[in-house]
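Here are a few notes to read alongside the model. Take them in any order you like.

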Amino acid sequence: MRFILIVCWLLPLLWSCSANTDEKYIIGFSQCTGDDEWRKAMLDGMQRELSFYPNSHLIFKDAKASSQTQISQIRELLQSDIDLLIVSPNEAEPVTPVVEEAYKKGIPVVVVDRRTASSYFTAYVGGDNYEVGKTAGQYIAGLLKGKGKIIEITGLPKSSPASDRHRGLKDALVPYPGIRHVATLNGQWEKDIAKAELSKIITAHPDLDLVFAQNEVMALGAHEICEKMLPARKVKIIGVDGLPGKFGDIQMVYDKVITATALYPTGGEEAVRVAMNILKKQPYEKENLLQTAMIDSSNVRMIKMQTDKIMDQQSDIERQQDRIDEQLEIYKTQRNLLYVMTGLFIISIILGSVALYSLVENKKINRELNSKNEEILIQRNRIQDIAEKAQEATESKFRFFTNISHEFRTPLTLIMGPVEELLQRKNEHPLVRKNLSLVQKNAQRLLWLVNQLMDFRKIESGKIRLQVAENDIVGFISGLMVPFEYVAKKRRIDFRLITKISALKVWFDVDMIDKVLFNLLSNAFKFTSDFGRIYIYIEHTGNEVLIRVEDNGSGMSEADVAGAFEMFYQGNDAIKGTGLGLPLSREFVELHQGTIEAGGTKGEGAVFTFRLPLGKAHLRLEDMADASRKPASEVQYFTTNDHNDNQAPPENAESGAPAVVLIEDNEDLLSFLQSLLQPKYHVITAADGKNGLERCLDSVPDLVICDVMLPEMDGLKIASALKSDLRTSHIPVILLTAKNSTEQQIEGMQTGADMYITKPFSPQFLLESVRSLLTNRAILRTSHVGQNMAENSNAMSRLDKKFLNDLRAAILARLADPSLSVEHLGKEMGLSRVQLFRKTKALLDFSVNDLIINMRLEKACSLLAESELSIAEIADQTGFSSQSYFSTVFKTKYAVSPKDWKVSIR
Ligand code: FRU
């Protein structure tokens, strides 16, 4: 990894090292005119010099001999971010301001050839024009031997070379008065203008000896005019520039077209050299004047040879330059290729390293994965073993359950047979008949449960088989409803079959569908309250029959709906089933290739819908029933002897017997317990928790027997509600339940219940328990009759002790008040008159009034013994309305008058 990082860091470094280190410069070049050979030579010279600085380049602008154009071109250059400006001004004055502007902006300015009118520039490069004019003048003087007539043709008078050269010429001719300078014409540096100007005046000077033209082109023009107009005079022509090449004025001197020419170097190379020095901050001269010399017939041959040679060399150099450029191009391409190759190489090294690293990592991960896989495999095998063992264990449990269920059938039959026989006898006592019916009904129910368990086992082992036959489903269902109708009538449940069809032939296993419907209906009856509604719908839709059982009972929560058909699922409701009925029903329906679903809302009712396909195309041959098969209907388990209306009412206890509230939701058990207790006690019943608690509060019984699992409110809640309420805290509570674990019993006792009896229980034990709890209460009561009634018992609850103390305190506070009544005390204690009466009677075994009288007499005794008050005063202080009433009551209680009693104890 570190290697990759180093390479990544080195790559740009390498790149930057190999790149050209030359600074990049942009040089703007404003040329006054670009058409003539001299200017072309100047530009060539510049380009040649610039080729030594490959990163820098020139932006060239040609003003075409217009000062205005030049000004705007310079402005354009200034806007294109140039590093330096080279300018050859067309005319000095007009161009000067813009050049000054550039200079003042901080852009270095190199003025070439022609000058500006100010010194605001960085450097000047060009020939010394005054010297040019002077050298030419001195040469003319020599040539004409101090005597003759000359005409001068100048360039643009406002350009510095024109004026400088003119001055030089004039100064040089001063010592030669024989030479007459007859005219100075403005040729504007142009051949044609020069020709036109000369032709205008030449005829006025037929004795003309010489024309001095300030540049090469104007010299050629002068030659042409003189040849044309003064051919015989052989007028001498002197030019300026000294340009090499076929059309240059050196060739013209050589060809004797003109007499001589003054060398005026372009200074292109020098200008770039100075410019680069400025840019690179190297030393440079501000004034760089180039030398001049005369070229005439005496030296032209040599000079021409030299310039030709130079030009050859120049073209060689240019060719070489081109080659170098080509090579450079090749080099550049190859260098770029090398960079790309190096880059690719480095990338491949990086990728290679990454791949290698990944390979190593992958191997590591694979090794780890393999070992994890092995572990998982071992664990999976272990889990499989455990699962198999669990399966075996479950299997053997099921086997055990099935076997034991099977075993149950014989004793159950042996119970049901004799019971049925006993029930046949007409002369049995009604109570015996009632109990026998109860035994029969519950034995049948047990048999039904056992059969369910066995069906389940058959399904589990795949042994259950369809035995279908074609039957009318409407008639079948109507038949099944009959036994339920009796219960519906008794409980005022609106129970009906709703269908538009009178008969429908369906292929089904009567035994199984009987079980399904029995299940659905018994559930509906179980969860629907009295006065509720249970409807069965039969609909013929397409190629199936739909049967729906709908009730408006307690309904099912979403979780109950979802889990309804799961094996052993038991809802959250207080009333739970075996969790087998609905899964079995589903199995039976699905064996018919049908479907079953649950629905409804909690608190609003439940809906069960099952569909059976019509026809028999979906059935196999072996699914067809033997003609001999006769189904055993589930209904038998429902045929209770509830019809037994002629049963005698249970014996009633004599009036004044203790009152017992019985709270039990199982109707049979409630009825059984009622008949068990009724002979000795006044029994008040309730079938759910809420109702039960209400019964306790309004009747304030002597004892409560309460089931733990109850609808609406469970027994534990009832017990703690009773024990924490002043009105009922004294009542002994017996909890009755099937929950028999120690923890559950502790939980029961923690609510304050006095006894916890688990089902199944012995009726004798229950009766004994009731009796002993009530007797204990009575013993407790007798011990309370004395003074410290509240303090001397540990068996009494704190709440009851407090109640008695409060009651006593309330009586004492108003003992002297003869109008003190039970109503008054009840209000003060927060109880009704009846509740106060019952509670006091239960705790003390005498009425509140008796208690008031007792307390008045106790107080009277202490006053008789300890005070000197008269009998009348004592009667008054202890709340007796008169002395005679006091004496009567006292005598009744103690068999002696107050007066005698006082005498006897003193
Ligand atoms: C070219 C030229 C030259 C002359 C110079 C003066 O445009 O006319 O022939 O020497 O300009 O600036």
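**Notes on rings, charges and the overall chain**

1. Let's start with a charge over a ring: Lys 286 lies over the face of Phe 121, 4.7 Å from the ring centre. That label needs NZ of Lys or CZ of Arg within 6 Å of the ring centre and within 35 degrees of the ring normal. Arg 548 does likewise over Tyr 537, at 4.3 Å from the ring centre.

2. A word on the source: this is a predicted model, where local features need pLDDT of at least 70, side-chain atom pairs count only at pLDDT 80 or more, and totals for chains, interfaces and linings use all residues. Residues are numbered from 1 along each chain as its sequence is written, and side-chain values use heavy atoms, leaving out hydrogens and water.

3. On to ring pairs: the structure holds 15 aromatic pairs. In one, Phe 880 and Tyr 885 have ring centres 5.7 Å apart and planes at 65°, so the pair is edge-to-face. Rings of Phe, Tyr and Trp (its six-membered ring) pair if their centres lie within 6.5 Å, with planes under 30 degrees apart counting as stacked, over 60 as edge-to-face and the rest as tilted.

4. How buried or exposed are these two? Phe 880 counts as buried because its relative accessibility is 3%, while Tyr 885, at 38%, counts as partly exposed. (Buried means under 20% relative accessible area, exposed over 50%, partly exposed in between, with a 1.4 Å probe and protein chains only.)

5. Both rings belong to one aromatic cluster, formed by Phe 880, Tyr 885, Phe 886, Phe 890, Tyr 894 and Trp 901.

6. Stepping back, buried residues make up 45% of the 906 residues in the protein chain.
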